[in-house]
Amino acid sequence: MVRASLGVNPWSVLYEGLEHRTALSFGTISAVLGVLVLLLWIPLKQRPTFGTVANIVVLAYSSDLGLALLPQHLGLPARAGLLVGGVLLNGLSVAVYVGARFGPGPRDGLMTGASTATGRSLRLVRTLVELTVLAVGWLLGGTVGVGTVLYALAVGPLTQFFLPWFVYRSGTGSGVRASEGADAEAGPPHRPQPQGTL
């Protein structure tokens, strides 16, 4: 999405805004803010796990690596493809690793914790978080475009849509907790789902 130059995701808007005002790299800022977001988990009674730490480390390094490998100044069709692909793959990837239940990353733990605490759907909570982060990042001078708005409005619904396909279930019962699926179905009706509860 950064290389698409049609508007980065809201968190990247915040990272870019801070990058303009500090000597830190994009990936380093991502890692530092990831740790700071963990402080917001305290009132939500969320606890960091292996997945949380892995998210911080992998995201920081893969962000810098991706920016180093992907060329700049691409044509509009390629940029549009990167934008749409970035939004879809992010919604899918959040569903995959949250569904694995090794623990969400800092930003996604904020989403799942707030969803559980308020009883609101993932899509609503994630959309409100993304719009708030977008506003702060824009005020700091981050890049905002059509892709930013698309991401802010789409990633929550996409995550909630994809989650039932990838959520790990064990034990007895079935269903998806508000923190990891809200009002999503226990699985697509045409595909058998393993029994269990989150």
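The accessible surface of the protein comes to about 10,200 Å², and 69% of this belongs to carbon and sulfur atoms (Shrake-Rupley method, 1.4 Å probe). The model is predicted: local features need pLDDT of at least 70, side-chain atom pairs count only at pLDDT 80 or more, and totals for chains, interfaces and linings use all residues. Residues are numbered from 1 along each chain as its sequence is written, and side-chain values use heavy atoms, with hydrogens and water left out.

**Overall make-up**

The protein has seven helices and zero strands (DSSP runs numbered from the N terminus: H or I of at least four residues for helices, E of at least two for strands). Of its 198 residues, 44% count as buried (buried is under 20% relative accessible area, exposed over 50%, partly exposed in between, with a 1.4 Å probe and protein chains only). Among contacts with a separation of 6 or more, 70% are between residues 24 or more positions apart (a contact is heavy atoms within 4.5 Å).

**Helix α3**

Helix α3 covers residues 50-69, and its 20 residues should span 28 Å at 1.5 Å a residue; the end C-alpha atoms are 28 Å apart, which agrees. The expected span is 1.5 Å times one less than the number of residues. Gly51, Thr52, Asn55, Ile56, Ala60 and Ser63 are the buried residues of α3. Seen down the axis of α3, they fall within an arc of 160°, so they line one face of the helix (the arc is that of the directions from the helix axis to the C-beta atoms). Their cover includes α2 (26-38), α4 (76-99) and α5 (106-118). On the face turned away from the buried side, α3 carries the exposed residues Phe50, Val58, Tyr61, Leu65, Ala68 and Leu69.

**Helices α2 and α5**

The axes of α2 and α5 come within 8 Å and cross at roughly 30°. These axes are lines fitted to C-alpha atoms over the stretch in contact, with angles from 0 to 180 degrees between N-to-C directions. The two helices, α2 and α5, are therefore roughly parallel to each other (angles under 35 degrees count as such). On the α2 side, Ser30, Leu33, Gly34, Val37 and Leu38 meet Pro106, Arg107 and Leu110 of α5.

Most residues other than glycine have a negative phi.

Terms used. Angles under 35 degrees count as roughly parallel, over 145 as roughly antiparallel, 65 to 115 as roughly perpendicular and the rest as oblique.
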